[in-house]
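Open the model in your viewer and keep the sequence panel beside it. The stops below go from the whole chain down to single residues.

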Amino acid sequence: MSSSSAELAEAVRKRGRITFDMKELQSHVAGLLDQRLQRAVEAPVARLEKALGGRIDAVGAEAREAGERAEAASKQAARSIEASASRIEKSRKVGWPEVGNLAAALLPLLVAVTLVLGLGRVLVVDVLGLPVVTAWLWGQVSAASSWWAAGLWVLALVSVVGGTVALVAWASRRLYEWYQRW
């Protein structure tokens with residue numbers, strides 16, 4: 001019996017050892033896995049292709065249109081830059097008209113400095129004589145013998161002051177409009 005069990009053990013040992021060809025096993029398992037994955041993914045991929053098929057073309061068309069708009073805008077900007085460059089080149093030359101315009105632009109500054117220094121008061125008092133005229137008119141109002149004569153002198157006084165204010169306002173408006181054109 002020991003010999004038969006030893007023979008049996010020997011037979012089991014010979015048959016109990018299993019060997020695999022790994023390359024053949026890999027190709028077989030990879031083929032099965034590939035088939036199963038293909039069946040599982042095929043329907044969702046088809047739905048995705050159907051949903052995105054038209055959108056890809058639309059995005060491409062939008063991208064082309066955006067590129068064309070950008071190109072047109074850049075060409076317009078280049079033309080504007082060239083025009084500005086030519087204007088700058090022309091403006092580098094300073095002639096007598098430009099000097100006159102600069103002097104006219106500095107005129108308000110001169111007027112402001114003159115007024116700040118008090119020369120404006122001297123011009124109004126000495127040249128126009130406005131305080132002398134208003135003092136004389138007020139004296140006439142005080143010396144008037146009747147109310148209607150005093151009223152006429154007050155009317156003359158208000159007319160002189162109002163006329164002076166209107167003249168200054170008109171001259172200011174004209175200067176403002178003239179400088180607005182710059």
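This is a predicted model: local features need pLDDT of at least 70, side-chain atom pairs count only at pLDDT 80 or more; totals for chains, interfaces and linings use all residues.

Residues are numbered from 1 along each chain as its sequence is written, and side-chain values use heavy atoms, with hydrogens and water left out.

Start with everything selected. The protein has six helices and zero strands; both are DSSP runs numbered from the N terminus, helices being H or I with at least four residues and strands E with at least two. Switch to a surface: its accessible area is about 15800 Å², and carbon and sulfur atoms hold 66% of that (Shrake-Rupley method, 1.4 Å probe). Of the 182 residues, 4% are buried (under 20% relative accessible area, with a 1.4 Å probe and protein chains only).

Next, select residues 130-143, helix α5, and residues 147-180, helix α6. Their axes lie 8 Å apart at an angle of about 165°; axes are lines fitted to C-alpha atoms over the stretch in contact, and angles run from 0 to 180 degrees between N-to-C directions. The two helices are therefore roughly antiparallel (over 145 degrees). Show side chains where they touch, among them Leu130, Trp136 and Val141 of α5 and Ala150, Trp153 and Thr164 of α6; contact means heavy atoms within 4.5 Å. This contact has 13 nonpolar residues, three polar and no charged (nonpolar: Ala, Val, Leu, Ile, Met, Phe, Trp, Tyr, Cys and Pro; charged: Asp, Glu, Lys and Arg; polar: the others, Gly among them).

Finally, select Ala104 in helix α3, residues 96-116. Is Ala104 buried or exposed? Ala104 is buried, at a relative accessible area of 16%.

Notes. Angles under 35 degrees count as roughly parallel, over 145 as roughly antiparallel, 65 to 115 as roughly perpendicular and the rest as oblique. Buried means under 20% relative accessible area, exposed over 50%, partly exposed in between (1.4 Å probe, protein chains only).
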